[in-house]
Amino acid sequence: MKIHIVGIGNGLTSEHYNTSFIVELDRSILVDCPQGLFRALAKMYIDKQCINDVIITHIHGDHTAGFESLLLWKKYIEQRKINLYTTKKIFNLLKNYWFKAMDRTYSSGFKGFIKFKFTDWVTFYELKVGHPRMIGNLKVEIRNSFHYTPTIGLKFIDTETGKTFAYSGDTIYRKKLIDDWYRRKKISKRDRDDCLGFLWDADLILHDAENIRDGVHTFVGELEKLPEKIRKKILLVHVSDNMKSEIIPIAEEGKTYEI
C-alpha cells in the first residue's frame, strides 16, 4: 500500500497545500480535495485521470475547495462521474449546501438554464461506522471524529498483507474532554471509544495537529504524551506554517510512504 501526500497544511496555510493524500493499492483513492489540487498532482507527476475514487471527510472548504474542479474535469473532459465515498450525513451536506454553487449552467443559445442533480456528477457509496466497505482490494473502516461538523476518520486495510493505514480526520484528541462529552450524552459510547482508540493499531497514522492547547484540533502535546510504540507510527498533518515538534515528525508534502 502506498500513501502519496498531496498536502499537509491547515485551512490558514500559506506554505502548503491543504491536507490531502492518495491511498494506492490496485486503484488510487483520493482523500479530500484541496485548493490547487491539479497543480499539486502535477508536481507529483500524478495524472488526474487516474483519480476516480474520492473520499470526503467533511465539508469544510480546505477539504473541498478542489472538488469542483475535479468534478468539472470528469464530467466535461472525461465524460464520467466520480465515485464518492462518505457518510449519508456528509453526502447530504455536500448535496444540499456545497453543490448549490454548481447546480446549473446556461442552456444552448443562452435561452435558459440546465439544472443538475448532485448525482449527475457523482456515484455515491455510503460509508457507515461499524460496516467496512471494500474499495478495490482495500477494506475501508470509518469512525466519527470529534469535530464541530460531521467528520470521519479512516482506516485502510490491505486484506492480503494485513497492513493498515489510518487517518484521524479533523479532530480533537483530548481524553478528559471526550469522556466529559460522553458523560453528558453528547456522543455515544462507540464514538467515545473510537475517538480514543480507533487509530492506534495501524502501521502508519496521519494525525491532525496544532500548537494551540485548547483549539478545535488536536494539540500536538497530547500526541507527544502517547506511548512511544504509537508515537513512532504517527506523522503530523493539517499543520500550521509554524508547526514544530521535537518528538513526532511532520509528513512531507509530495512524498510517498509505503507500508
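Student: How many salt bridges does a search of the whole structure find?
Tutor: The search turns up 13 salt bridges, a salt bridge being a side-chain nitrogen of Lys or Arg within 4 Å of a carboxyl oxygen of Asp or Glu. Bear in mind that this is a predicted model, where local features need pLDDT of at least 70, side-chain atom pairs count only at pLDDT 80 or more, and totals for chains, interfaces and linings use all residues. Residues are numbered from 1 along each chain as its sequence is written, and side-chain values use heavy atoms, with hydrogens and water left out.

Student: OK, which residue forms a salt bridge with Asp53?
Tutor: Arg27 does, and the closest N and O atoms are 3.1 Å apart. The two sit in distant parts of the chain, 26 residues apart: Asp53 is in strand 4 (residues 51-55), while Arg27 is in the loop between strand 2 (20-24) and strand 3 (28-31). Helices (H or I, at least four residues) and strands (E, at least two) are DSSP runs, numbered from the N terminus.

Student: Is Asp53 buried or exposed?
Tutor: Asp53 is buried, at 4% relative accessible area. Arg27 counts as partly exposed, at 30%. The cut-offs are under 20% relative accessible area for buried, over 50% for exposed, and partly exposed in between (1.4 Å probe, protein chains only).

Student: What about Asp214, which residue does it form a salt bridge with?
Tutor: With Arg174, the closest N and O atoms being 3.9 Å apart. That pair also links distant parts of the chain, 40 residues apart, with Asp214 in the loop between strand 13 and helix 7 (220-224) and Arg174 in the loop between strand 12 and helix 5 (175-183). Asp214 is exposed, with a relative accessible area of 62%.

Student: And which residue pairs with Glu252 in a salt bridge?
Tutor: Lys255, with the closest N and O atoms 3.7 Å apart. Glu252 is partly exposed at 44% relative accessibility, and Lys255 is partly exposed at 33%.

Student: Do strands 12 and 13 pair in the parallel or antiparallel sense, and over how many bridges?
Tutor: Parallel, over 3 bridges, between residues 164-167 of strand 12 and 204-208 of strand 13. Tyr167 has Leu206 in strand 13 as its bridge partner.

Student: What does Leu235 touch?
Tutor: Leu235 lies in strand 14 and is buried at 10% relative accessibility. Its contacts (heavy atoms within 4.5 Å) include Leu204, Leu206, Pro249 and Tyr257, leaving aside residues up to four places away in sequence.

Student: Last one: which residues have the most contacts inside the largest nonpolar core?
Tutor: Phe21, Ile55, Phe67, Phe118 and Phe156, in a core of 78 residues. Strand 14 supplies the largest share, 4 residues. A nonpolar core is a set of buried Ala, Val, Leu, Ile, Met, Phe, Trp, Tyr and Cys residues joined through side-chain atoms within 4.5 Å.

Notes. Two strands pair if DSSP finds at least two bridges between them.
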